[in-house]
Amino acid sequence: MGATPIFIDIDPTTYNLDPSRIQSNVTKRTRAIIPVHLYGQMADMDAVMWVADKYGLVVIEDAAQAIGATNKGRQAGSVGHFGCFSFFPSKNLGAAGDGGMVVTNDAQRAEKLMCLRAHGSKPKYHHKVIGGNFRLDAIQAAVVSAKLPYLDGWTAARQRNAQRYDQLFAESGLLRGRSPNASPNIVLPRIVTDRHIFNQYVIRASRRDQLKAALQQKGVGTEVYYPVPMHLQECFAYLGYQLGAFPESEGAAAETLALPVHPQLTEPQARYVVDCIREFFAHGRHAGWSESDSLIAGRS
């Protein structure tokens, strides 16, 4: 029989898997745990590895959004048995096209990976298993290698942009719980690990979809990661999950919004983003504004 995935709900603070729910979801058919380090912040790997060690499970870290993230002196992708990274162009360390990498510190696992990435052949033209063509193109490898020395600087810029957003939102009066008279509008991301690399700066916002549309009218690009939780995706309908099964995941899918946080973002641009959000809630509108409503001239 093929593998049947089991989902667990998320921690509403980090949006990573809720560590308190892992052990209770282990069954006799469980073979692996796949924690996702979402938005640039590591999941609770101590809890993951404790369960994995207890039940003899393999841990595959999805560090596609977290290259360079750390916690307790450990790098994302280095704690589990496998670490998976993405070099998609939109990632913090992006190639010119698709690409990725799997790492492991186990020689036997590394040998199996190298076999699987080359059509399952070892030696050449002799196939013991079915693999695929998963080799990283040399051009993409060259682009990633050339950009790697700049990664820490780009990460520091993202972190500064995140801190700037935190300050601007604190001054805006939009934060939930900060003012007794404030409307419950915005919740900011929280850092609970040593190094959050901010692949995305994700807020929670009431009237999220209306806000996104209004910001688009103002020239502010945003994104929803992710509008449909995994358990409600059509491809997993056969698992039988229903709306309400994972309330934290469903709440995040309805409210989260990623704002621009790339290294080239300037202070005036970040201020413009927050001012647009403040004006949206101040006007109490369910749609955008006209061009004449712009708060800051010469926006980028």
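User: Let us begin with Arg 208: buried or exposed?
Analyst: Arg 208 is buried, at 5% relative accessible area; buried means under 20%, exposed over 50%, and partly exposed in between, with a 1.4 Å probe and protein chains only. Its side chain meets that of Asp 209 in a salt bridge, 2.6 Å from N to O. Asp 209 is partly exposed, at 48%.

User: What is the basis for these values?
Analyst: This is a predicted model, in which local features need pLDDT of at least 70, side-chain atom pairs count only at pLDDT 80 or more, and totals for chains, interfaces and linings use all residues. Residues are numbered from 1 along each chain as its sequence is written, and side-chain values use heavy atoms, without hydrogens and water.

User: How many salt bridges are there?
Analyst: The count comes to 10, taking a side-chain nitrogen of Lys or Arg within 4 Å of a carboxyl oxygen of Asp or Glu.

User: Which residue pairs with Arg 204?
Analyst: Glu 255 does, with the closest N and O atoms 3.1 Å apart. Arg 204 lies in strand β8 (residues 201-205) and Glu 255 in helix α6, so the pair ties together parts 51 residues apart in sequence. Helices (H or I, at least four residues) and strands (E, at least two) are DSSP runs, numbered from the N terminus.

User: Now the loop. Where does Thr 222 lie?
Analyst: Thr 222 is in the loop between α5 (208-217) and α6 (247-255). At 10% relative accessibility, Thr 222 counts as buried. Its contacts (heavy atoms within 4.5 Å) include Lys 212 and Leu 257, leaving aside residues up to four places away in sequence.
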